[in-house]
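Have a look at the model first, then read on.

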Amino acid sequence: MVRVLGSRIIQVAEDLSLRTGEERVVLEDSVLSPGLINTHVHLDYTGLRGQLPATSFPAWVKEILRLKASLSRGSLEAALCEGFGLLARSGTTGVGNMESYPELLLLADRIPLRCWWFLEMIDLRPHVWSEEATFAVLRFFDQPPVPLGRLGLAPHAPYTASPELYRLVRDSAQRFRLPVTTHVAESPEEWTMFWEGDGELLDLVSQAGRPRMAGRELSPLQWLDRIGGLTPGMLLVHLNYLCEADWTLLATRAFPVVHCPKSHAFFSYAPFPLERMLSLGIPVCLGTDSLASNDTLDLREEIRQARHRHPGIAPKRWWEMVTATPARALGLRGALGEIRGGAWADLAAFRWRSGLDPWESCIESREEPLFLMVHGKVRKAEGRWLP
């Protein structure tokens with residue numbers, strides 16, 4: 001049994017008597033879990049579901065850039081609302097959203113889930129922010145939408161962000177205590193660009209303004225390290241293509257890694273080295289990426305997708321990749337991703353199928369959560385979604 005007061009869990013015990021003024025919620029035949037945390041998603045692209053075919057990564061980038069140019073403010077707001085709704089309906093209470101349009105931060109007060117708004121940063125070409133975008137970001141420092149909105153920084157990737165930008169992000173993150181994430185070593189074309197100084201992706205970004213580079217037998221991750229672009233604790237997204245020097249760096253620095261299984265399968269990337277990462281103690285979180293390379297924002301489906309390639313990992317370990325591990329990666333050990341006294345009351349309950357391990361039952365559930373609570377506020381109970 002769990003007792004909640006305000007936004008916090010204050011007691012966990014086998015039996016708790018009801019106090020005056022308290023309300024009891026009875027969840028029969030269910031598993032009470034910490035709310036799920038989706039560490040990497042692009043909600044701006046929720047409206048692009050099914051519009052981009054599986055193809056080479058550079059071709060996909062060209063197409064999404066074309067589609068992004070047609071997105072209106074109204075369609076972006078609708079995409080956010082739909083995306084947050086899909087997340088909630090799969091039991092997600094916390095999300096790391098990569099935000100390409102800073103002006104959308106003005107909507108943060110209306111979002112019912114805990115959100116880290118990672119500002120996606122690219123400096124291939126000069127970009128002048130609108131007054132609205134500038135105001136939206138400054139507002140987070142002046143009057144942040146506490147407690148559910150947090151600001152983060154996301155230099156996009158080594159092929160779209162300069163060394164100067166990565167170092168600026170590193171210094172700013174340390175000064176303002178902001179979380180940082182970046183895409184790195186995602187595709188074979190990115191590997192070819194850095195290792196050989198050639199290829200389709202290099203041609204694409206050179207046309208957009210990036211200086212061409214000579215092959216230096218340097219991986220994307222080593223390039224980040226060489227330029228001083230690795231912020232302590234930075235969430236590294238994808239890491240599909242690594243060399244032995246990369247493994248040495250990861251083993252000694254313990255950066256959190258975010259794997260997006262269904263997006264990974266969409267692009268037919270090389271097998272993800274999950275077992276090796278776990279054996280080295282590298283914290284691995286799961287994310288969904290966007291509906292431009294996925295057909296769902298349900299983390300349970302990400303686990304089911306990944307289990308086909310990694311059948312030896314226990315259900316509880318998978319569940320930790322969407323609860324406790326991302327909470328620790330975001331600097332919130334003990335405050336999120338766990339059911340314990342003092343933690344924030346972000347909770348989800350899933351139907352428990354008789355005879356199954358509880359975590360196996362959660363993973364295999366295709367239903368919406370029976371119960372959802374975010375920061376102590378009930379969002380779903382007794383089969384009804386609440387405002």
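Arg3 and Glu22 pair up through their side chains in a salt bridge, 2.7 Å from N to O. The two sit 19 residues apart, Arg3 in strand 1 and Glu22 in the loop between strand 2 (8-12) and strand 3. Keep in mind that this is a predicted model.

**Salt bridges**
- Arg3 is buried at 6% relative accessible area, whereas Glu22, at 27%, is partly exposed.
- The structure has 21 salt bridges.
- Another one joins Glu132 and Arg73, with 2.8 Å between the closest N and O atoms. Glu132 belongs to helix 3 (residues 131-142) and Arg73 to helix 2 (residues 73-88), so this pair ties together parts 59 residues apart in sequence.
- Both ends are partly exposed: Glu132 has a relative accessible area of 35%, and Arg73 has 29%.
- Arg307, Glu360, Glu364 and Arg366 form a network of salt bridges.

**A buried charge without a partner**
- Glu99, in strand 5 (residues 92-99), is buried but makes no salt bridge. The nearest side chain of opposite charge is Lys68, 8.5 Å away.
- What the Glu99 side chain does reach is the backbone nitrogen of Tyr101, at 2.9 Å.

**The second largest pocket**
- This pocket holds about 870 Å³ of space. It is lined by 25 residues, and Met1, Val2, Arg3, Arg24 and Val25 are the closest to its centre.
- Strand 1 (2-5), strand 3 (30-34), helix 14 (358-364) and strand 13 (371-374) each give at least two residues to the lining.
- The lining comprises 17 nonpolar, four polar and four charged residues.

Technical notes
Residues are numbered from 1 along each chain as its sequence is written. This is a predicted model: local features need pLDDT of at least 70, side-chain atom pairs count only at pLDDT 80 or more; totals for chains, interfaces and linings use all residues. Side-chain values use heavy atoms; hydrogens and water are left out. On a 1 Å grid over the protein atoms alone, a cavity is a set of points where a 1.4 Å probe fits but cannot get out, and a pocket is an open set with protein on both sides within 12 Å along at least five of seven lines; lining residues have an atom within 4 Å of a point. Grid points are joined across faces, edges and corners, and a volume is the space filled by probe spheres set on the points. Helices (H or I, at least four residues) and strands (E, at least two) are DSSP runs, numbered from the N terminus. Ala, Val, Leu, Ile, Met, Phe, Trp, Tyr, Cys and Pro count as nonpolar, Asp, Glu, Lys and Arg as charged, and the others, Gly among them, as polar. Buried means under 20% relative accessible area, exposed over 50%, partly exposed in between (1.4 Å probe, protein chains only). Lys and Arg count as positive and Asp and Glu as negative; His and the chain ends are not counted. A salt bridge is a side-chain nitrogen of Lys or Arg within 4 Å of a carboxyl oxygen of Asp or Glu. A polar contact is a pair of N or O atoms within 3.5 Å; within protein, one must be able to donate a hydrogen and the other to accept it, and residues adjacent in sequence count only if both atoms are side-chain atoms.
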